[in-house]
Amino acid sequence: MYGEVEGTGFEIYEPEFGDCLIGHARVERLWTGARWSEGPAWFAAGKYLIWSDIPNNRMMRFDDTDGSVSVFRAPSNHSNGNTVDRKGRLVTCEHQSRRVTRTEHDGSITVIADNYLGKRLNSPNDVVVKSDGSVWFTDPTYGILTNYEGNKADSELDDRCHVFRVDPDGEISIVAEDYVKPNGLAFSPDESVLYIADTGASHDPDGPRHIRRHIVNADNSIAGGEVFATCTCGVFDGFRVDEAGRLWSSATDGVHCFNTRGDLIGKILIPETVANLCFGGPKLNRLFICGTTSLYSAYLGISGLSPTRPV
Ligand code: MG
């Protein structure tokens with residue numbers, strides 16, 4: 001559905017956000033029919049978007065050549081976050097199988113991580129690949145708390161939820177262990193900063209509902225970790241960074257955009273809770289937004305970061 005979708009709109013708090021918009025561009029609802037949309041990833045070569053419909057145990061595919069939507073993979077092991085690695089391959093967090101996988105160019109599946117020191121992961125949630133090929137992912141317990149988005153099970157990691165990194169040689173390390181429910185994550189354009197969301201407030205009203213900012217050291221350890229932004233409507237789930245380093249995050253009322261200082265400069269209002277988003281289209285100037293039952297998009301005056309860009 002193109003044109004004016006009820007409940008959508010743009011709120012501009014700083015002129016910088018106005019400069020990110022196209023005057024006559026509107027939010028479009030591209031498709032509806034999911035239960036909980038998450039994990040969008042854009043595949044430039046095929047001109048399509050993949051995303052997860054977690055409770056329905058399937059991954060969907062939006063074809064930008066004709067606007068059609070079809071099932072990409074089912075069952076999907078209740079997949080959640082997806083991204084594209086440096087070679088254009090799909091990398092997926094799977095709740096049910098409690099692992100992170102890569103889909104090779106020939107369609108075969110390679111397991112990137114499914115345990116830490118012999119103990120099963122909780123339920124990998126979101127993932128990003130750094131330019132050196134290392135795979136960074138969050139591991140909260142959402143996928144093992146109930147049977148709705150995975151299989152109900154006990155944590156083998158003492159209910160602790162870490163951020164992990166898997167190096168190209170396969171070695172897995174804990175990057176951060178002071179998160180309640182680590183969720184979305186993304187690097188700054190030059191990869192000197194790593195942002196990580198904590199959605200601990202989902203199960204504890206006094207829990208964190210913020211994104212923290214870490215410095216990335218040369219050895220891929222991280223430092224700092226001050227609160228970058230606190231969510232004023234729900235929690236920050238998944239997010240992406242654009243070419244100028246602005247951070248575009250999901251929230252309950254839509255998309256919140258922050259400048260590099262952490263100031264909220266504007267919002268894209270969406271009539272459903274947004275769980276994640278990504279930049280796509282040939283020019284990466286189209287924001288694809290996963291809003292619960294529906295896939296939305298909006299063309300912008302700026303572009304996102306290509307996952308295969310030189311850094
Ligand atoms: Mg998430």
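Rings of Phe, Tyr and Trp count as a pair if their centres lie within 6.5 Å. In this predicted model, ring pairs of this kind link Tyr195, Phe228, Phe236 and Phe258 into a cluster.

**Aromatic rings**
- By the rule above, the count comes to 12 aromatic pairs.
- The pair of Tyr116 and Phe164 is tilted, because the ring centres are 5.3 Å apart and the planes stand at 45 degrees.
- This pair links distant parts of the chain, 48 residues apart: Tyr116 belongs to strand β11 and Phe164 to strand β15.
- Tyr116 is buried, with a relative accessible area of 18%, and Phe164 is buried at 0% relative accessibility.

**Charges over rings**
- The charged end of Arg212 sits over the ring of Tyr179, 4.3 Å from the centre of that ring.
- Arg165 lies over the face of Trp136, at 5.7 Å from the ring centre.

**Magnesium ion**
- The protein donors of the ion are Glu38, Asn125, Asn183 and Asp237, at 2.1 to 2.6 Å from the ion.
- Glu38, in strand β3, and Asp237, in the loop between β20 and β21, are 199 residues apart in the chain.
- Both Glu38 and Asp237 are buried.

**Surroundings of Ser192**
- Ser192 is found in the loop between β17 and β18, and counts as partly exposed because its relative accessibility is 31%.
- The side chains of Ser192 and Asp190 are joined by a polar contact of 2.7 Å.
- Beyond its neighbours within four places in sequence, Ser192 is in contact with His214, Ile215 and Val216.
- The C-alpha atoms of Ser192 and His214 are separated by 8.5 Å, with the two residues 22 residues apart along the chain.

Key: Residues numbered from 1 in each chain as written. Predicted model: local features only at pLDDT ≥ 70, side-chain atom pairs only at ≥ 80, totals over all residues. Heavy atoms only, no water. Donors = N, O, S within 2.8 Å, 3.2 Å for Na, K, Ca; no water. Helix = DSSP H or I, 4+ residues; strand = E, 2+ residues; numbered from the N terminus. Buried < 20%, exposed > 50% of the residue type's maximum accessible area, 1.4 Å probe, protein only. Contact = heavy atoms within 4.5 Å. Polar contact = N/O pair within 3.5 Å; in protein donor to acceptor, adjacent residues only side chain to side chain. Phe/Tyr/Trp six-rings, centres within 6.5 Å; stacked < 30°, edge-to-face > 60°. Lys NZ or Arg CZ within 6 Å of the ring centre and 35° of its normal.
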